Amino acid sequence: VSSTTLFEGRILSVREDVVRMPDGSQAKREIVDHMGAVVIAAVDDQDRIVLVNQYRPAVRARLDELPAGLLDIDGEPAVEAARRELAEEAQLQARTWHTLLDLYSSPGFSDEAVRVFLARDLDEAPRPDGFVVEHEELSMAVTRVPLDEAVDRALAGRISNSAAVAGVLAAAAARASGFRGLRAADAPWPAKPGR
């Protein structure tokens, strides 16, 4: 029915929508607009997945996660953002890329769309020119753990970032299928991400 912007930030905005419900009534909903993000399930030739551990101020805890980042460069394809983030956070590059999952992280109140990529055939790589390590990345730790151990950690609640849990479990499922049936890295999004 109507939409009013309440807050406009660098990464997200908040709007209040008045929505007509199926019974004809109207309800107000606060919606978080988000630019979208990419997550990388990078699995090496020893069947280990790359995890990053960093402090997350919103939950006041250090979390094991997959390398990830925002779709914050206008016009940059998601797979290129994923390549950049993998090099920035883990100093790795991958020769084989597939789309693993498309997620809405919390569709009850946010339009954040997250694409999870599967990256394989890994090699060391320098950080991109001009990239400066700052903020949470200053204390970020990068490790590789056996994929089966990562699945166990996720199921035990020791990996709790939702995109990381989904990525770890999907990477294990993809491996179990012999990596058949995966979408191309540049596959169309099921819905337009971000603003």
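Which residue takes a positive phi in the hairpin of β2 and β3? Gly24 does, at a phi near 95°, and that hairpin has five residues between the strands.

1. Some ground rules. This is a predicted model, in which local features need pLDDT of at least 70 and side-chain atom pairs count only at pLDDT 80 or more, while totals for chains, interfaces and linings use all residues. Residues are numbered from 1 along each chain as its sequence is written, and side-chain values use heavy atoms, with hydrogens and water left out.

2. The opening strands. Strands are DSSP runs of E with at least two residues, helices are runs of H or I with at least four, and both are numbered from the N terminus. Strands pair if DSSP finds at least two bridges between them. β1 (residues 2–8) pairs with β2 (residues 12–20) in the antiparallel sense over six bridges; Ser3 has Asp17 of β2 as its bridge partner. Three residues lie between β1 and β2 in their hairpin.

3. On to β3. β2 also pairs with β3 (residues 26–34), antiparallel again, over nine bridges. Here Val14 has Val32 as its bridge partner.

4. The helix. α1 (residues 78–90) is mostly covered, with 11 of its 13 residues buried, meaning under 20% relative accessible area with a 1.4 Å probe, protein chains only. Among the buried residues are Val79, Arg84, Glu85 and Leu86. The elements covering them include β4 (37–42), β5 (48–56) and β8 (92–104).

Conventions. Buried < 20%, exposed > 50% of the residue type's maximum accessible area, 1.4 Å probe, protein only. Contact = heavy atoms within 4.5 Å.
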